[in-house]
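User: I'm new to reading protein models and would like a close look at one part. Could you walk me through the surroundings of a residue in the core, and then show me how another piece of the chain compares?

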Amino acid sequence: FVKGIVDKKYKEGRAVNLFDQNKRCSNLEGSNNSNDSVLLITNGKLVLENEVVTGSLAITNNIIEQIILDDSRLNYWKLENPQAHIIDADGRYVLPGLIDIHCDTIEKEVEPRPNTIFPLQMALIEFEKKLAASGITTMYHSLSLGVGLSLRGENLLTQMVATILDYRKKRSLIRNKIHLRYEVSHLQGLAIVERYLQEHTIDMISLMDHSPGQGQYRAEGSFERYVMKNQGIDIHEVADIVKELEERRALVDWNNINRLTSLAKEKNIAIASHDDDSTEQVDLSIARNASISEFPIQLETAIYATSRQMKVCVGAPNIVRGGSHDKNLSAAEAVKAGAAHIICSDYHPSSLLASLFKLVKDRIVDLPTAVRMATLNPAAALQTEHQTGSIAPGKYADLLLVDQFEGMPIVSTTIVGGSIVYHSAARRQKSMQSV
């Protein structure tokens, strides 16, 4: 997965050994990572919480030790740490690693076409490599329990959860976490959700109600069209699904849902609502202890959720493409209105970094503000901001070196916990012609 490495030394010190397996892959979930490497990133445009500065970063034992902004201090640090691996950022941006709290793309990695299921561990490993290349250093894999189809059915979902838990104990490129998306009409799933909450198996939970006629499926026939396209079934099969869904939704005991969210709050697990489509729905979500509002349908709803102190999460593809594919809320308009706080990749991981730079290009926000929406803000919403989310001494060294090609941001290096997990050096056309 380390691609396009060129045979050259960095300008200062010796080049980092990109093929050191022990440095690249380790258990990143705990705080006792045994990696004792010393790393120095020089000559970078450091995107800090509120400003961009030119400087260097000193990293020791997986942690950002200090931010160095003057040459004398830098030279002194080099003398004190002659064993340090040195990376010359060569004027590239240095960002905190991206934190993605909502992305269901793992489902497509498992099942790229209807009824074609790939081995779960293989899918996770291959997907993780793509995430590192996209600059995502913490992923809350969004697994849905409720529709009963493919990975969203109980059997494959529980297997995927177990696969992620087992895998991250043994090795990891990035920080793999679990966001359980619970469809409230899936009555038999209550016991599974409660067990996951009790055992603290999951890191985040969201409540979904994807029944026709509300939320993102307000338009008549929109639910049916989505299911037919996504699952490869016909109109008669989807009619049976809709009928069963409506019957199950009529049986939902909201006291049970309230009990689950109370348990999540007790266990300090973040709770999100999904597709809020009215101020009344926002109030209900808050009553169920939700602190995050994912993808509110209208700008007015997003503004109201913000006024109620919820953190509003919008999708990066919406920003990159210039609007919602469902003709709902414009994410860029929500950011402009101060009614969006978190950007997630939703279904397209490579959009996350691109969306941040597009907001800057379109002069909606400055770069530190945009970057916070995919780093510090999600970390704060999930109460991990003391460990990740910004470039600051004492935090995990989860970092990106970002180049640009004709205005498009491209990750050249991804560092997680002080370990280089991805590196790519593009070949220029002139050098290719000489070959």
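Analyst: Contact here means that heavy atoms lie within 4.5 Å of each other. Keep in mind that this is a predicted model.

Let's start with L95. The largest nonpolar core has 77 residues, and L95 and I343 are the ones with the most contacts inside it. So who sits around L95? Leaving aside residues up to four places away in sequence, L95 touches V47, L353, F357, V371, I391, D398, L399, L400 and V402. There is also another core lying apart from the largest one, with 18 residues, including L46, I64, I391 and L399.

Searching the whole structure turns up one aromatic pair. Its rings belong to Y93 and F357, with centres 5.8 Å apart and planes at 70 degrees, and planes over 60 degrees apart count as edge-to-face, so that is what this pair is. The pair ties together distant parts of the chain: Y93 belongs to strand β5 (residues 93-96) and F357 to helix α14 (residues 351-361), 264 residues apart. Both Y93 and F357 are buried.

Now for another piece, helix α5. This helix covers residues 154-170, which makes 17 residues, and spans 25 Å from its first C-alpha to its last, close to the expected 24 Å. Which of its residues are buried? They are L156, L157, M160, V161, T163, I164, Y167 and R168. These residues take up an arc of only 160 degrees around the axis, which puts them on the same side of α5. The buried residues of α5 pack against α3 (106-110), α4 (120-133), β7 (136-145), β8 (175-183) and α6 (190-198). On the face turned away from that buried side, you'll find the exposed residues N155, K169 and K170.

Finally, here's a loop residue. Q383 sits in the loop between α16 (376-381) and β14 (399-405).

Definitions and conventions
Residues are numbered from 1 along each chain as its sequence is written. This is a predicted model: local features need pLDDT of at least 70, side-chain atom pairs count only at pLDDT 80 or more; totals for chains, interfaces and linings use all residues. Side-chain values use heavy atoms; hydrogens and water are left out. Helices (H or I, at least four residues) and strands (E, at least two) are DSSP runs, numbered from the N terminus. The expected span of a helix is 1.5 Å times one less than its number of residues. Buried means under 20% relative accessible area, exposed over 50%, partly exposed in between (1.4 Å probe, protein chains only). The arc is that of the directions from the helix axis to the C-beta atoms. A nonpolar core is a set of buried Ala, Val, Leu, Ile, Met, Phe, Trp, Tyr and Cys residues joined through side-chain atoms within 4.5 Å. Rings of Phe, Tyr and Trp (its six-membered ring) pair if their centres lie within 6.5 Å; planes under 30 degrees apart count as stacked, over 60 as edge-to-face and the rest as tilted.
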